[in-house]
Amino acid sequence: MELETEVREVTHNQDFVTVRYTKNGKEITETARYVVLATPAPITRKITKNLSTELDNALSKIKYGPHVSASFLTNERGKQVWDDVYAFATPKKSFDVLIHNSNVNHASEKEREQGSSFMTFLQQIEGKC
């Protein structure tokens with residue numbers, strides 16, 4: 001992982017991926033077997049040079065709108081069913097995803113500490129959340 005960098009180009013080759021980025025004013029090129037792009041669809045389309053037509057069309061249809069993010073702290077004691085889960089996808093619900101921020105902490109604790117931390121992004125529909 002590189003911090004304070006700007007990815008300029010990602011190219012998928014037959015057996016590897018090339019990533020071209022800038023760090024401290026210097027252009028660097030790296031190769032890897034795989035790359036995970038955690039970017040919004042328009043950025044992915046901009047930096048990825050050889051997307052398939054099908055994937056490019058699918059990404060072009062993703063629309064982003066206003067949303068509200070919210071965090072919740074809980075105070076449960078003892079192991080919970082969600083302790084080993086980082087995030088929950090929530091299709092067709094009033095929020096897009098539920099992220100369990102304390103997942104990493106709980107995974108490394110010898111004795112489970114009290115409480116959890118969650119974050120979610122609420123969809124805004126017609127001016128209402």
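This is a predicted model: local features need pLDDT of at least 70, side-chain atom pairs count only at pLDDT 80 or more; totals for chains, interfaces and linings use all residues.
A nonpolar core is a set of buried Ala, Val, Leu, Ile, Met, Phe, Trp, Tyr and Cys residues joined through side-chain atoms within 4.5 Å. The largest nonpolar core has five members, namely Val10, Val17, Val19, Tyr21 and Ile47. Strand β2 supplies the largest share of this core, with three residues.

The surroundings of β2 come next. An open sheet is built from three strands in the order β1-β2-β3, and their pairing is antiparallel. Strands β1 (5-12) and β3 (26-32) lie at the edges, each pairing on one side only. From one strand to the next, the twist averages 20 degrees. Between β1 and β2 (residues 17-23), which run antiparallel, there are seven bridges.

Val17 in β2 stands opposite His12. Leaving out residues up to four places away in sequence, Val17 touches Val10, Thr11, His12, Glu30, Thr31, Ala32, Arg33, Tyr34 and Val35.

Thr22 is also found in strand β2. Is Thr22 buried or exposed? Its relative accessible area is 18%, and buried means under 20%, so Thr22 counts as buried. The side chain of Thr22 makes a polar contact of 3.1 Å with the side chain of Arg8. Arg8 is also one of the residues that Thr22 touches, together with Glu4, Thr5, Glu6 and Glu27, when residues up to four places away in sequence are not counted.

The loop between β2 and β3 holds Asn24. Most residues other than glycine have a negative phi. Asn24, however, has a positive phi, near 50 degrees. Asn24 is exposed, with a relative accessible area of 70%.

The structure holds one aromatic pair. It is formed by Trp82 and Phe118, whose ring centres are 5.8 Å apart and whose planes lie at 70 degrees to each other, an edge-to-face arrangement. Which parts of the chain does the pair link? Trp82 is in the loop between β4 (67-73) and β5 (87-89), while Phe118 is in strand β7 (residues 117-123), so that distant parts of the chain, 36 residues apart, are linked. The two partners can also be described by their accessibility: Trp82 is partly exposed at 24%, whereas Phe118 is buried at 8%.

Val97 and Phe121 are 24 residues apart in sequence, with 6.4 Å from C-alpha to C-alpha. Setting aside neighbours within four places in sequence, Val97 is in contact with Ala87, Phe88, Thr90, Met119, Thr120 and Phe121. Val97 has a relative accessibility of 22% and counts as partly exposed.

Finally, helix α3 (residues 103-108) includes His106. How accessible is this residue, and what does it touch? At 9% relative accessibility, His106 counts as buried. Not counting residues up to four places away in sequence, His106 touches Asp83, His100, Arg112, Glu113, Gly115 and Ser116.

Notes
Residues are numbered from 1 along each chain as its sequence is written. Side-chain values use heavy atoms; hydrogens and water are left out. Rings of Phe, Tyr and Trp (its six-membered ring) pair if their centres lie within 6.5 Å; planes under 30 degrees apart count as stacked, over 60 as edge-to-face and the rest as tilted. Helices (H or I, at least four residues) and strands (E, at least two) are DSSP runs, numbered from the N terminus. Buried means under 20% relative accessible area, exposed over 50%, partly exposed in between (1.4 Å probe, protein chains only). Two strands pair if DSSP finds at least two bridges between them. Axes are lines fitted to C-alpha atoms, for helices over the stretch in contact, and angles run from 0 to 180 degrees between N-to-C directions. A polar contact is a pair of N or O atoms within 3.5 Å; within protein, one must be able to donate a hydrogen and the other to accept it, and residues adjacent in sequence count only if both atoms are side-chain atoms. Contact means heavy atoms within 4.5 Å.
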